[in-house]
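Please keep the structure in view while reading.

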Amino acid sequence: MQEKTMSWHFARPALAEKYLDLFKLGLTAARGLFARRRMGKTEFLKKDFIPAAEARRYITVYVNLWELEVDPAVAIVSELYQAIAPKGFSKIWAKLKLPIKKIKVSGKILGLGQASIETGLEDNQRATSTLLMEAMRAFDKVPFKLMLIIDEAQVLAYDQHSHFAHALRAALDVRKERIKVIFAGSSETTLRRMFGVSSEPFYNWAPLEPFELLGQQFVEAMVERVNHISTYPLLLADALVAFDGLKRTPEFFRRYIEYYLSNPFEGSTSALSATKDKVFNDESFKRQWDILLPVDKVILAIIAEGNTDCYAQATMEKLGVKLGLAHAINKSAINNALVRLTKKNIVTKMEYGLYQLEDEAFADWVKCQ
(Lines give C-alpha, C1' and ligand atoms only; values in the text may rest on other atoms or scores of the structure.)
Protein backbone atom coordinates (compact mmCIF):
# COMPACT_ATOMS: atom_id res chain seq x y z
CA MET A 1 0.00 0.00 0.00
CA GLN A 2 1.40 3.36 -1.03
CA GLU A 3 2.24 5.68 1.88
CA LYS A 4 0.22 8.88 1.86
CA THR A 5 2.28 12.08 1.58
CA MET A 6 1.51 14.71 4.18
CA SER A 7 -0.10 17.83 2.75
CA TRP A 8 1.37 21.22 3.62
CA HIS A 9 -1.23 23.13 1.66
CA PHE A 10 -3.09 25.76 3.66
CA ALA A 11 -6.64 25.57 2.32
CA ARG A 12 -8.57 28.80 1.85
CA PRO A 13 -12.08 27.69 0.88
CA ALA A 14 -13.74 30.86 2.16
CA LEU A 15 -11.63 33.04 -0.13
CA ALA A 16 -12.44 30.83 -3.11
CA GLU A 17 -16.16 31.02 -2.34
CA LYS A 18 -15.90 34.79 -1.96
CA TYR A 19 -14.62 35.20 -5.52
CA LEU A 20 -17.21 32.77 -6.89
CA ASP A 21 -20.02 34.57 -5.06
CA LEU A 22 -18.93 37.84 -6.68
CA PHE A 23 -19.32 36.21 -10.08
CA LYS A 24 -22.72 34.86 -9.02
CA LEU A 25 -23.93 38.40 -8.38
CA GLY A 26 -23.60 39.01 -12.10
CA LEU A 27 -22.13 42.50 -11.81
CA THR A 28 -18.81 41.50 -13.35
CA ALA A 29 -17.53 38.67 -15.52
CA ALA A 30 -13.86 39.05 -14.64
CA ARG A 31 -11.54 39.92 -11.77
CA GLY A 32 -7.89 40.92 -11.65
CA LEU A 33 -5.67 39.83 -8.76
CA PHE A 34 -2.07 40.83 -8.17
CA ALA A 35 0.61 39.69 -5.74
CA ARG A 36 4.38 39.26 -5.82
CA ARG A 37 5.71 35.92 -6.96
CA ARG A 38 5.98 33.15 -4.35
CA MET A 39 3.11 34.56 -2.27
CA GLY A 40 0.79 31.57 -2.71
CA LYS A 41 -1.36 32.93 -5.52
CA THR A 42 -0.87 30.06 -7.97
CA GLU A 43 -1.27 27.41 -5.26
CA PHE A 44 -4.54 29.02 -4.20
CA LEU A 45 -5.86 29.12 -7.76
CA LYS A 46 -5.00 25.48 -8.45
CA LYS A 47 -5.85 23.87 -5.11
CA ASP A 48 -8.66 26.05 -3.77
CA PHE A 49 -10.31 28.15 -6.43
CA ILE A 50 -10.43 25.63 -9.28
CA PRO A 51 -11.94 22.78 -7.16
CA ALA A 52 -14.50 25.24 -5.74
CA ALA A 53 -15.40 26.41 -9.25
CA GLU A 54 -15.74 22.83 -10.48
CA ALA A 55 -18.00 22.09 -7.51
CA ARG A 56 -20.27 24.82 -8.87
CA ARG A 57 -20.31 23.04 -12.24
CA TYR A 58 -17.84 25.26 -14.07
CA ILE A 59 -15.53 23.72 -16.62
CA THR A 60 -12.17 25.22 -15.69
CA VAL A 61 -9.28 26.26 -17.92
CA TYR A 62 -6.00 27.23 -16.25
CA VAL A 63 -3.10 28.78 -18.15
CA ASN A 64 0.16 30.08 -16.67
CA LEU A 65 1.70 32.43 -19.24
CA TRP A 66 4.95 32.76 -17.30
CA GLU A 67 5.97 29.11 -17.20
CA LEU A 68 4.95 28.12 -20.71
CA GLU A 69 7.50 28.29 -23.51
CA VAL A 70 4.87 28.77 -26.22
CA ASP A 71 3.33 32.18 -26.80
CA PRO A 72 0.17 33.19 -24.88
CA ALA A 73 -2.06 32.86 -27.91
CA VAL A 74 -1.11 29.23 -28.52
CA ALA A 75 -1.28 28.44 -24.79
CA ILE A 76 -4.77 29.87 -24.29
CA VAL A 77 -6.25 28.51 -27.51
CA SER A 78 -4.89 25.01 -26.94
CA GLU A 79 -6.14 24.88 -23.33
CA LEU A 80 -9.57 26.12 -24.41
CA TYR A 81 -9.77 23.41 -27.07
CA GLN A 82 -8.77 20.73 -24.57
CA ALA A 83 -11.60 21.81 -22.27
CA ILE A 84 -14.27 22.36 -24.90
CA ALA A 85 -13.56 19.46 -27.27
CA PRO A 86 -10.73 17.26 -25.95
CA LYS A 87 -11.18 14.58 -28.61
CA GLY A 88 -10.08 16.99 -31.31
CA PHE A 89 -7.21 18.57 -29.38
CA SER A 90 -4.35 16.56 -30.90
CA LYS A 91 -5.41 17.62 -34.37
CA ILE A 92 -5.62 21.32 -33.54
CA TRP A 93 -2.35 21.20 -31.57
CA ALA A 94 -0.54 19.76 -34.59
CA LYS A 95 -1.81 22.66 -36.67
CA LEU A 96 -0.78 25.21 -34.05
CA LYS A 97 2.79 23.86 -34.17
CA LEU A 98 3.07 24.11 -37.97
CA PRO A 99 4.99 26.99 -39.56
CA ILE A 100 2.57 29.83 -40.19
CA LYS A 101 2.50 29.57 -43.97
CA LYS A 102 1.57 25.88 -43.74
CA ILE A 103 -1.44 26.32 -41.50
CA LYS A 104 -4.58 25.27 -43.27
CA VAL A 105 -7.73 24.27 -41.47
CA SER A 106 -10.64 22.98 -43.44
CA GLY A 107 -13.59 20.63 -43.14
CA LYS A 108 -14.82 19.45 -39.77
CA ILE A 109 -13.37 21.35 -36.77
CA LEU A 110 -13.40 19.04 -33.77
CA GLY A 111 -16.57 17.41 -35.09
CA LEU A 112 -18.58 20.47 -34.12
CA GLY A 113 -19.36 21.98 -37.46
CA GLN A 114 -18.15 22.79 -40.96
CA ALA A 115 -15.41 25.39 -41.26
CA SER A 116 -12.86 26.45 -43.79
CA ILE A 117 -9.88 28.58 -42.89
CA GLU A 118 -6.91 29.18 -45.08
CA THR A 119 -4.26 31.56 -43.96
CA GLY A 120 -1.07 32.83 -45.44
CA LEU A 121 -0.63 35.42 -42.72
CA GLU A 122 2.88 36.20 -41.54
CA ASP A 123 1.72 36.90 -37.99
CA ASN A 124 1.19 33.70 -36.01
CA GLN A 125 -1.14 35.49 -33.60
CA ARG A 126 -3.53 36.23 -36.43
CA ALA A 127 -3.73 32.50 -37.10
CA THR A 128 -4.29 31.65 -33.44
CA SER A 129 -6.88 34.44 -33.24
CA THR A 130 -8.75 32.70 -36.03
CA LEU A 131 -8.51 29.41 -34.15
CA LEU A 132 -9.74 31.20 -31.02
CA MET A 133 -12.90 32.18 -32.90
CA GLU A 134 -13.37 28.54 -33.89
CA ALA A 135 -12.98 27.51 -30.25
CA MET A 136 -15.60 30.05 -29.22
CA ARG A 137 -17.99 28.79 -31.89
CA ALA A 138 -17.46 25.30 -30.51
CA PHE A 139 -18.17 26.61 -27.01
CA ASP A 140 -21.40 28.19 -28.19
CA LYS A 141 -22.66 24.70 -29.05
CA VAL A 142 -22.08 23.16 -25.64
CA PRO A 143 -24.27 23.73 -22.56
CA PHE A 144 -21.70 24.25 -19.80
CA LYS A 145 -20.30 27.42 -18.24
CA LEU A 146 -16.57 28.03 -18.22
CA MET A 147 -14.08 29.56 -15.77
CA LEU A 148 -10.91 30.80 -17.48
CA ILE A 149 -7.98 31.39 -15.12
CA ILE A 150 -5.04 33.23 -16.69
CA ASP A 151 -2.03 33.26 -14.35
CA GLU A 152 0.76 35.82 -14.95
CA ALA A 153 -1.77 37.60 -17.15
CA GLN A 154 0.41 40.71 -17.43
CA VAL A 155 2.15 38.94 -20.34
CA LEU A 156 -0.94 39.74 -22.42
CA ALA A 157 -0.15 43.45 -22.02
CA TYR A 158 3.13 43.16 -23.92
CA ASP A 159 3.04 44.89 -27.28
CA GLN A 160 3.80 41.72 -29.24
CA HIS A 161 0.61 40.12 -27.94
CA SER A 162 -1.71 43.05 -28.63
CA HIS A 163 -3.45 41.52 -31.65
CA PHE A 164 -4.38 38.35 -29.80
CA ALA A 165 -5.39 40.30 -26.68
CA HIS A 166 -7.88 42.31 -28.77
CA ALA A 167 -9.24 39.08 -30.26
CA LEU A 168 -9.54 37.46 -26.83
CA ARG A 169 -11.43 40.41 -25.38
CA ALA A 170 -13.81 40.44 -28.35
CA ALA A 171 -14.46 36.72 -27.90
CA LEU A 172 -15.09 37.07 -24.17
CA ASP A 173 -17.15 40.25 -24.42
CA VAL A 174 -20.11 38.54 -26.02
CA ARG A 175 -19.99 35.51 -23.72
CA LYS A 176 -19.93 37.13 -20.28
CA GLU A 177 -22.97 35.18 -19.15
CA ARG A 178 -21.23 31.81 -19.46
CA ILE A 179 -17.49 32.59 -19.36
CA LYS A 180 -15.95 34.09 -16.23
CA VAL A 181 -12.30 35.08 -16.06
CA ILE A 182 -9.67 35.44 -13.36
CA PHE A 183 -6.65 37.49 -14.44
CA ALA A 184 -3.87 36.92 -11.90
CA GLY A 185 -0.41 38.41 -12.08
CA SER A 186 2.76 39.39 -10.28
CA SER A 187 3.22 42.84 -11.84
CA GLU A 188 0.80 45.33 -10.33
CA THR A 189 2.00 48.14 -12.60
CA THR A 190 1.54 46.15 -15.80
CA LEU A 191 -1.88 44.91 -14.74
CA ARG A 192 -2.96 48.45 -13.86
CA ARG A 193 -1.90 49.55 -17.31
CA MET A 194 -3.65 46.54 -18.85
CA PHE A 195 -7.00 47.45 -17.26
CA GLY A 196 -6.58 51.20 -16.74
CA VAL A 197 -5.15 52.65 -19.96
CA SER A 198 -7.72 53.41 -22.66
CA SER A 199 -5.51 52.20 -25.51
CA GLU A 200 -5.13 48.71 -24.00
CA PRO A 201 -7.33 45.82 -25.25
CA PHE A 202 -8.68 45.01 -21.76
CA TYR A 203 -9.29 48.61 -20.68
CA ASN A 204 -11.94 48.75 -17.92
CA TRP A 205 -12.69 45.06 -18.39
CA ALA A 206 -12.02 43.83 -14.86
CA PRO A 207 -11.71 45.35 -11.39
CA LEU A 208 -8.17 44.95 -10.07
CA GLU A 209 -7.39 44.20 -6.44
CA PRO A 210 -4.52 42.85 -4.32
CA PHE A 211 -4.61 39.12 -3.66
CA GLU A 212 -5.25 38.42 0.02
CA LEU A 213 -1.87 37.36 1.38
CA LEU A 214 -1.25 34.63 3.92
CA GLY A 215 -0.62 35.72 7.50
CA GLN A 216 -0.66 34.42 11.06
CA GLN A 217 -3.34 31.79 10.47
CA PHE A 218 -1.08 30.20 7.84
CA VAL A 219 1.87 30.18 10.27
CA GLU A 220 -0.29 28.71 13.04
CA ALA A 221 -1.45 25.90 10.75
CA MET A 222 2.11 25.09 9.67
CA VAL A 223 3.33 25.06 13.30
CA GLU A 224 0.50 22.70 14.25
CA ARG A 225 1.54 20.29 11.51
CA VAL A 226 5.20 20.48 12.50
CA ASN A 227 4.36 19.74 16.13
CA HIS A 228 2.15 16.84 15.07
CA ILE A 229 5.07 14.97 13.53
CA SER A 230 8.12 16.30 15.39
CA THR A 231 9.32 15.48 18.90
CA TYR A 232 10.98 18.90 18.96
CA PRO A 233 8.08 21.39 19.17
CA LEU A 234 8.31 24.59 17.17
CA LEU A 235 7.16 27.64 19.11
CA LEU A 236 4.63 29.86 17.38
CA ALA A 237 6.56 32.97 18.44
CA ASP A 238 9.73 31.64 16.76
CA ALA A 239 7.80 30.72 13.63
CA LEU A 240 6.29 34.21 13.38
CA VAL A 241 9.75 35.75 13.68
CA ALA A 242 10.91 33.49 10.86
CA PHE A 243 7.90 34.36 8.70
CA ASP A 244 8.64 38.07 9.07
CA GLY A 245 12.35 37.49 8.50
CA LEU A 246 11.56 35.74 5.24
CA LYS A 247 9.47 38.72 4.10
CA ARG A 248 6.21 36.88 4.84
CA THR A 249 6.80 34.72 1.78
CA PRO A 250 5.02 31.34 2.06
CA GLU A 251 7.41 29.52 -0.27
CA PHE A 252 10.43 30.61 1.75
CA PHE A 253 8.67 29.81 5.04
CA ARG A 254 8.08 26.24 3.90
CA ARG A 255 11.80 25.92 3.18
CA TYR A 256 12.44 27.09 6.74
CA ILE A 257 10.08 24.39 8.05
CA GLU A 258 11.80 21.76 5.91
CA TYR A 259 15.18 22.72 7.37
CA TYR A 260 13.78 22.77 10.91
CA LEU A 261 12.35 19.27 10.54
CA SER A 262 15.54 17.96 8.93
CA ASN A 263 17.78 19.47 11.61
CA PRO A 264 15.69 19.51 14.80
CA PHE A 265 18.67 19.79 17.16
CA GLU A 266 19.73 23.11 15.65
CA GLY A 267 16.54 25.01 16.53
CA SER A 268 14.54 27.77 14.87
CA THR A 269 17.24 30.45 14.76
CA SER A 270 19.61 28.20 12.89
CA ALA A 271 16.84 27.11 10.52
CA LEU A 272 16.00 30.72 9.76
CA SER A 273 19.64 31.64 9.16
CA ALA A 274 20.18 28.68 6.83
CA THR A 275 16.99 29.46 4.93
CA LYS A 276 17.98 33.09 4.46
CA ASP A 277 21.38 32.02 3.17
CA LYS A 278 19.64 29.80 0.65
CA VAL A 279 16.78 31.96 -0.60
CA PHE A 280 18.64 35.27 -0.61
CA ASN A 281 21.70 33.79 -2.29
CA ASP A 282 19.93 31.49 -4.65
CA GLU A 283 21.78 30.27 -7.73
CA SER A 284 18.77 31.24 -9.84
CA PHE A 285 19.36 34.87 -8.90
CA LYS A 286 22.92 34.61 -10.18
CA ARG A 287 21.75 33.11 -13.46
CA GLN A 288 19.19 35.89 -13.81
CA TRP A 289 21.88 38.47 -13.06
CA ASP A 290 24.51 37.02 -15.39
CA ILE A 291 22.39 37.37 -18.53
CA LEU A 292 21.77 41.09 -17.98
CA LEU A 293 23.65 43.77 -19.90
CA PRO A 294 26.14 45.86 -17.86
CA VAL A 295 23.93 48.95 -18.03
CA ASP A 296 20.92 46.91 -16.86
CA LYS A 297 22.93 45.63 -13.89
CA VAL A 298 24.01 49.07 -12.66
CA ILE A 299 20.50 50.48 -13.05
CA LEU A 300 19.08 47.48 -11.20
CA ALA A 301 21.57 48.06 -8.39
CA ILE A 302 20.48 51.70 -8.16
CA ILE A 303 16.80 50.68 -8.02
CA ALA A 304 17.52 48.08 -5.33
CA GLU A 305 18.93 50.84 -3.11
CA GLY A 306 15.44 52.42 -3.12
CA ASN A 307 13.80 55.83 -3.59
CA THR A 308 15.97 56.86 -6.52
CA ASP A 309 14.73 58.84 -9.51
CA CYS A 310 16.32 56.98 -12.41
CA TYR A 311 16.20 60.10 -14.61
CA ALA A 312 17.63 62.55 -12.07
CA GLN A 313 20.90 64.20 -13.13
CA ALA A 314 22.69 62.90 -10.04
CA THR A 315 21.57 59.36 -10.87
CA MET A 316 22.71 59.63 -14.50
CA GLU A 317 26.13 60.85 -13.34
CA LYS A 318 26.39 58.03 -10.79
CA LEU A 319 25.48 55.47 -13.45
CA GLY A 320 28.10 56.93 -15.78
CA VAL A 321 30.77 56.50 -13.11
CA LYS A 322 29.71 52.89 -12.40
CA LEU A 323 29.94 52.13 -16.13
CA GLY A 324 33.39 53.69 -16.36
CA LEU A 325 32.28 56.58 -18.53
CA ALA A 326 33.77 60.06 -18.44
CA HIS A 327 30.29 61.55 -18.57
CA ALA A 328 26.76 60.97 -17.33
CA ILE A 329 24.71 58.26 -19.02
CA ASN A 330 21.91 59.67 -21.20
CA LYS A 331 18.18 59.25 -20.63
CA SER A 332 17.76 57.17 -23.75
CA ALA A 333 20.12 54.48 -22.46
CA ILE A 334 18.35 54.48 -19.09
CA ASN A 335 14.94 54.24 -20.72
CA ASN A 336 16.01 51.34 -22.95
CA ALA A 337 17.38 49.47 -19.93
CA LEU A 338 14.18 50.05 -17.94
CA VAL A 339 12.09 48.80 -20.85
CA ARG A 340 14.16 45.60 -20.98
CA LEU A 341 13.96 45.07 -17.22
CA THR A 342 10.20 45.73 -17.21
CA LYS A 343 9.53 43.31 -20.05
CA LYS A 344 11.45 40.63 -18.16
CA ASN A 345 9.20 41.30 -15.17
CA ILE A 346 12.22 42.21 -13.03
CA VAL A 347 11.18 45.78 -12.19
CA THR A 348 7.87 47.60 -12.06
CA LYS A 349 7.19 51.29 -12.52
CA MET A 350 5.75 53.10 -9.51
CA GLU A 351 5.69 56.58 -11.05
CA TYR A 352 7.81 58.57 -13.47
CA GLY A 353 11.46 57.76 -12.81
CA LEU A 354 10.72 55.57 -9.76
CA TYR A 355 10.91 51.79 -10.08
CA GLN A 356 11.08 48.82 -7.73
CA LEU A 357 12.10 45.21 -8.08
CA GLU A 358 9.21 42.79 -8.36
CA ASP A 359 10.94 40.21 -6.17
CA GLU A 360 12.05 41.49 -2.75
CA ALA A 361 14.36 38.51 -2.29
CA PHE A 362 16.11 39.32 -5.56
CA ALA A 363 16.35 42.97 -4.46
CA ASP A 364 18.18 41.90 -1.29
CA TRP A 365 20.48 39.68 -3.35
CA VAL A 366 21.27 42.54 -5.76
CA LYS A 367 22.21 44.83 -2.83
CA CYS A 368 24.94 42.37 -1.88
CA GLN A 369 26.58 42.40 -5.32
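## Handedness of a crossing

A crossing of two helices is called right-handed if the near helix is turned clockwise from the far one by less than a right angle, and left-handed if it is turned anticlockwise. In this predicted model, the crossing of α10 and α11 is right-handed.

## Helices α10 and α11

Two packed helices are described by the angle between their axes and the distance between the axes. For helix α10 (residues 250-262) and helix α11 (residues 267-279), the axes come within 9 Å and cross at roughly 130°, and the two helices are therefore oblique to each other.

On the α10 side, the residues that meet α11 are F252, R255, Y256, Y259 and Y260, while their partners in α11 include G267, S268, A271, L272 and T275. Sorted by class, this contact has 8 nonpolar, 4 polar and 2 charged residues.

## Helices α13 and α16

The axes of α13 and helix α16 (residues 360-367) lie 9 Å apart, at an angle of about 110°, and these helices are therefore roughly perpendicular to each other. Here L300, A301 and A304 of α13 make contact with F362, A363, V366 and K367 of α16, a set that divides into 6 nonpolar, no polar and 1 charged.

## The nonpolar cores

The largest nonpolar core has 50 residues, of which F253, Y256, I299, L300, I334 and L357 touch the most other members. Helix α13 (residues 294-305) gives the most to this core, with 7 residues. Apart from this core lies another one of 42 residues, including L131, M136, F139 and L146.

Methods
Residues numbered from 1 in each chain as written. Predicted model: local features only at pLDDT ≥ 70, side-chain atom pairs only at ≥ 80, totals over all residues. Heavy atoms only, no water. Core = buried A, V, L, I, M, F, W, Y, C linked by side-chain atoms within 4.5 Å. Buried < 20%, exposed > 50% of the residue type's maximum accessible area, 1.4 Å probe, protein only. Helix = DSSP H or I, 4+ residues; strand = E, 2+ residues; numbered from the N terminus. Axes fitted to C-alpha atoms, helices over the stretch in contact; angles between N-to-C directions. Parallel < 35°, antiparallel > 145°, perpendicular 65-115°, else oblique. Contact = heavy atoms within 4.5 Å. Nonpolar A, V, L, I, M, F, W, Y, C, P; charged D, E, K, R; others polar.
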